[in-house]
Amino acid sequence: AVIDSGEKRHVRNPKERGPVKCFFFFSSFLPADIISTVEFNYSGELLATGDKGGRVVIFQREQESKNRPHSRGEYNVYSTFQSHEPEFDYLKSLEIEEKINKIRWLPQQNAAHFLLSTNDKTIKLWKISERDKRAEGYNLKDEDGRLRDPFRITSLRVPVLMPMDLMVEASPRRIFANAHTYHINSISVNSDHETYLSADDLRINLWHLEITDRSFNIVDIKPANMEELTEVITAAECHPHQCNVFVYSSSKGTIRLCDMRAAALCDRHTKFFEEPEDPSSRSFFSEIISSISDVKFSHSGRYMMTRDYLSVKVWDLNMENRPVETYQVHEYLRSKLCSLYENDCIFDKFECCWNGSDGAIMTGSYNNFFRMFDRNSRRDITLEASRESSKPRAMLKPRKVCTGGKRKKDEISVDSLDFNKKILHTAWHPKENVIAVAATNNLYIFQDKIN
């Protein structure tokens, strides 16, 4: 870290980096190394990951060259910095984890890049910039930084910019704190690129990127008596084109679409999306597995996708009574819900993502499996992210889970699945078929086969 103008800057030399061909993995496995979020920027040239240790690692895509014709698609470490530190709330006697819950990029306006990162309580706006020149020839200080005696200065000189090795700096520009009583689970940048929302279990706040000391509470579902609490907010996102529209999902499996033009406090939703439950399939676990862990608008803004424990659903914003598409992620686990409840896996929060054209979706599962669904052909595929099967330049083979009867050669039994290996966080390049998959402390990057 270099102290400069009162700011703590995290500086890294991009030359000190190694190639990431098909996947990247940390050499040691500590709880702090577990990846907790993955996010491509708007162009897809940068990929950011956050972990439980409060660190943010940014990867940059390599440009293709004549010497390395297949290097396009490889991501190398571009910058690493400590975003959050562990804190302690003395009023409530609570430890605040440094774990990065979400990262969201801002659209690039100049040479620098900006991103928002959040832990349970504090959101930070980071600036990532490059520097390849330094100023030399100051009048009031020597080249080593020591102040000169003003009485010995007999002439003035004009400082000049001299070339230097490229350095990448990460510096905090804004800190948005003290606005959430409960743990932040979502942040989403608005389409006006001036505001963003943050959501915790019971409230959603609207922030301006330039104002850190106040935010506007736009949703508050906290009851007067906490014993009457029946649901919590699980995820929230802004519409990609209409800056007045946002959605939030709940632990009851419902989604509410709100319009900020209707009222300052959006407790009354504009649209309410819920699929009626089949009474014949109701069980003790129905309410738990119906809880929505992620909600994402399509790039077009026409659809939204939700992920519950067993399935992914695609909703048309013009039809509230049922989803237009439902994809079963791991239906074979329905018979295992009792054991999944006992080991707490039933509470895992899986994310989902769209591809750039909204024609395909992806989400994670157990045993380091991840699922991809083609919306046009209705075909699906199960792939595995593992160091054994993911050699550089190797083709991934589809995996199948045997649910009963005689197991085929290439199939894996449901009883053999490793529930400690899970893919909760995935990201899809906004323009190309490049995906990033976080499997515990490993980050895998896959792309379409290059001929």
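Me: Which element of the protein chain has the highest mean pLDDT?
Reply: This is a predicted model, in which local features need pLDDT of at least 70 and side-chain atom pairs count only at pLDDT 80 or more, while totals for chains, interfaces and linings use all residues. Residues are numbered from 1 along each chain, and side-chain values use heavy atoms, without hydrogens and water. The protein chain averages a pLDDT (the predictor's confidence in each residue, from 0 to 100) of 88. Among the elements, strand β1 (residues 2-4) has the lowest mean, 28, and the highest, 98, belongs to strand β22 (residues 294-297).

Me: Which residues does L417 touch, not counting residues up to four places away in sequence?
Reply: L417 is one of the residues with the most contacts inside the largest nonpolar core, which has 19 residues. With contact taken as heavy atoms within 4.5 Å, L417 touches Y332, L333, N367, F369, V401 and I412.

Me: Which element gives the most to the lining of the largest pocket?
Reply: The largest pocket has a volume of about 1100 Å³ and is lined by 44 residues (an atom within 4 Å of a pocket point). K99, F347, D348, K349 and H425 lie nearest its centre. By class, the lining has 18 nonpolar, 12 polar and 14 charged residues. The element that gives the most, with 5 residues, is β18.

Definitions and conventions: Helix = DSSP H or I, 4+ residues; strand = E, 2+ residues; numbered from the N terminus. Core = buried A, V, L, I, M, F, W, Y, C linked by side-chain atoms within 4.5 Å. Buried < 20%, exposed > 50% of the residue type's maximum accessible area, 1.4 Å probe, protein only. 1 Å grid on protein atoms, 1.4 Å probe; cavity = no way out; pocket = protein on both sides within 12 Å on 5 of 7 lines; lining within 4 Å. Points joined across faces, edges and corners; volume = space filled by probe spheres on them. Nonpolar A, V, L, I, M, F, W, Y, C, P; charged D, E, K, R; others polar.
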